[in-house]
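Subject: A structure for you to explore

Hi there,

Here is the structure I promised to pass on to you. Have a look at it first, and then read my notes below.

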Amino acid sequence: MKKATEFRLEANPRIPEALARLEELANDLFYSWDHGVRSLFVRMDMRLWEKVEHNPKLFLRRVAQERLDEAAEDRAFLAEYRRVLSTYDAYLEAGPGPEVTERLDPDRELVAYFCAEFGFHESFPIYSGGLGILAGDHCKAASDLALPFVAVGLLYQQGYFIQTIDAHGHQIARYRSHASDELPIVPVEHEGTPLKVSVPFPGRLVYARVWEARIGHIRLYLLDSHTDENSPEDRELTLQLYGGDESTRISQEMLLGIGGTRVLEALGLKPTVWHINEGHAAFQILERCRQAMETGLGFRGALEAVAAATLFTTHTPVPAGHDIFPRDLLEHALGPYLEQAGLDFSEVFALGAKNAGDSFNMTSLGLRGSRFHNGVSRIHGRVASQMEGDIWPQIPPEENPLGYITNGVHVPTFLAPEWASLFDIQAPTWKSELRNPDYWQFIEQIPDYHYWSVHKALKQQMTDYIVRRLKRQHKRNGIGHSVTERMTRQLASVHTDTLVIGFARRFATYKRATLIFSDLERLERILTDADRPVVLVFAGKAHPKDKPGQQLIKVIHDLSMHPALMGHLILLEDYDQAMARRLLAGVDVWLNTPEYPKEASGTSGEKAALNGALNLSVLDGWWGEGYDGKNGWGIVPRDTGLDPEFRNQEEARDLLDLLEFEVVPLYYEGASQGYSRAWVKRSKASMISITPRFNAQRMVMDYVTDFYHPAATQGAQMAADNGKMAVALADWKARVRDAWPGVELNILGCVQARCANDEAVELRVEAFLNGLGAGDVRVECLVSPECTGTHSEPGPGSFLLDMESESGGRTVFATRIPPPFPGLQTLRLRMYPYHEALTHPLEMGAMLWV
């Protein structure tokens, strides 16, 4: 018998006048961090809220009319509704504080932030992991601070994949399309018609329509190629995040960088600072050069003007995390655009060439097309300086212009409501003190039993959530009831004081998810101690093309089904923001075991610490700065020059030693009294030390102070007088590059080997400048005690040499310096090009040493 065709019908309710602004709340991603807004929808119909995956816009389309009508008549609901609206309106009315206005003028300046993914909330699935969550937190903090700020990205119809794990431990990736009218976005119109921009591609134009998402004070503009003007193939360019092949990737990045820049131009927005968050958006540099060239600048002058106002942030020390395209693919994909823009391919290719190779690196383009650059933690800044050292080939990595700002997390998003309520009572102004470490000492005054009761409540919510998810997962996979009962017995039992350790993140091999299983017999003994049981909870996705990452998932799944470990090891599927909030708020310990130094930042541990969890992590990424010996546990990484297998073995031993002899005993110390006072003390220390230092408001204000303000100033100077300074600097750089290979620097005479501490030592060097003038270079002496430390700027330990004479093509530089340090010290002499318009004194990447 033929199966009947099914037709879907959605009967939408009419929102009562008394609740009319629910639609406004559902269309502002303010809901992604405000618990009060979300609670309105939960109160009307919790089951539907779960069914629509916490999507308020979809909720309002499907909620029963009688539920809305009841809410409109419910005094308690209306009181809460008015309270939420009051909070929302007050938030929108608040302007930027003096810490912002002293650095950025909201009337004249605007920061444009480009990223390939944004992770605001599980209801808006245009993110895959850490980069997107970071970008979302950056935008939320920018809104909190009321920065003059706009963001640009791509709208993916399917986003990243939905993960299921089958009965054999295999990851299954499936995709689901999301209709635009289900998402918190609205189409952008220009003069009454939908705004669209086009980008030249081989043999055609590719069009993108534009959508706007509201995030409190700021706006996010998203490009969508799924429009009638495009071919079916081009419509799928924005189908999936990180899907397709190299050709798809470069096409997406052209849309993001070139198309995104054209969107801002079409909207009449004129950013004064451009922030490129990872290399995917770096093609914006070319489009901005094209725009500058239309005012009469040549390419080199345009590049200087563009780069002066540009910040580039790199996020990964793993080579595979950087987009690299073959020369022929780049030439084919960009060819029509470059021809239309009047850009020379060889000049463009040189911007992305790495180590004079025949491929194009988007990170190299981002660095060469910007004058401000940063990694995302102190360790990552150092590693990135070494990785990208070829951009400044003669500069010591520790002195090159690549700095760092350590990532932070958005506290209102990830702090559990129960903690927020407690803080409201204990310290009512805490939300305005997120960057004041001294203020957070108030946590010490919270009674231990009260503090622990909040954690216990959150832990119970988490364990209930895990049990529900696991039962649903097992039922789908046909796993027997007895297995499910054994798997959940530790969490579902009345013994709710079981120590729970969480590990949830992307399953990339360098994150070493299976390091803890290196000595399985010992781990089993630790986990299954009847008096001190431990449960390990794992979650995370591996990229659909990452087979080794998927194998890690299978290994953990198989171990979780082992009779000896069953109930002590749990693997959850489809890790997303909703699951993250549950786990981060409920676990006792957050585990992180990356291969040093490949963890750029790793902000999940910061989110856990906000909620009182203790970090047990390799001292990499942010934890290298956050760990103080009293707020968690740190695993000291072994020297990277050692055999990798030996390193893994030794660090795994440290991990198990910490678990067996410190973590587990501390947690169960005084268990008969209901909780461990020593554990609570360490938990409080974690919350106090980490919350004010590793939050997104602190991070964004660091960007404002260290990069946005200087970039706005430098960009304005370069653009003034039709780019006069930019042209002069570009011409000077060209002259220096031509001359530098023939420049020489030599010592004159002998350097005095001994002197009294109050005597001055004379230094004289002779330079052959190959056509450059004495004013085109700096000559300096670096003085280091016992050969340690260097200084890139004149000051203690660094002395400039002045020109003494010039004749016959030879220039003598000299100075007399008192020894700045007692005892033995080392003197080194060097010369580098210098111009007052340089953003960083060493940005030319050229340096000679005597």
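Before the findings, one term: a residue is called buried when its relative accessible area is under 20%, exposed when it is over 50%, and partly exposed in between, using a 1.4 Å probe and counting protein chains only. Please keep in mind that this is a predicted model, where local features need pLDDT of at least 70 and side-chain atom pairs count only at pLDDT 80 or more, while totals for chains, interfaces and linings use all residues. Residues are numbered from 1 along each chain as its sequence is written, and side-chain values use heavy atoms, with hydrogens and water left out.

Let's begin with charged pairs. Side chains of opposite charge can pair when their charged atoms come close. The rule for a salt bridge is a side-chain nitrogen of Lys or Arg within 4 Å of a carboxyl oxygen of Asp or Glu, and by that rule there are 49 of them here.

One of these joins Arg83 to Glu80, with 2.8 Å between the closest N and O atoms. Both sit in helix H6 (residues 75-93), and because they are 3 residues apart, about one helical turn separates them. (Helices are DSSP runs of H or I with at least four residues, strands are runs of E with at least two, and both are numbered from the N terminus.) Arg83 is partly exposed at 42% relative accessible area, whereas Glu80 is buried at 17%.

Glu122 and Arg581 meet in a salt bridge at 2.8 Å, N to O. Glu122 is in the loop between S1 and H8 and Arg581 is in helix H23 (residues 577-586), so this pair ties together parts 459 residues apart in sequence. Both residues are buried.

Lys733 and Glu304 form another bridge, their closest N and O atoms being 3.1 Å apart. Here helix H28 (residues 696-739) holds Lys733 and helix H12 (residues 299-308) holds Glu304, so the pair ties together parts that are 429 residues apart in sequence. Lys733 and Glu304 are buried too. There is also a network in which salt bridges with shared partners join Glu10, Arg61, Arg62 and Asp181.

Now to His121, in the loop between strand S1 (111-114) and helix H8 (130-144). Is His121 buried or exposed? Its relative accessible area is 0%, so His121 is buried. Its side chain makes polar contacts with the side chains of Glu122 (3.3 Å) and Ser123 (2.7 Å). A polar contact is a pair of N or O atoms within 3.5 Å; within protein, one must be able to donate a hydrogen and the other to accept it, and residues adjacent in sequence count only if both atoms are side-chain atoms. Beyond its neighbours within four places in sequence, His121 is in contact (heavy atoms within 4.5 Å) with several residues, including Tyr31, His54 and Arg581.

How many disulfides does the structure hold? The number is 0, where a disulfide means a pair of cysteine sulfur atoms within 2.5 Å. The sulfur of Cys115 is 8.3 Å from the closest cysteine sulfur, in Cys139, which is too far for a bond. For Cys750 the closest cysteine sulfur is in Cys755, 15 Å away, again too far for a bond. Cys115 is buried at 0% relative accessibility, but Cys750 is exposed at 75%.

Enjoy exploring!
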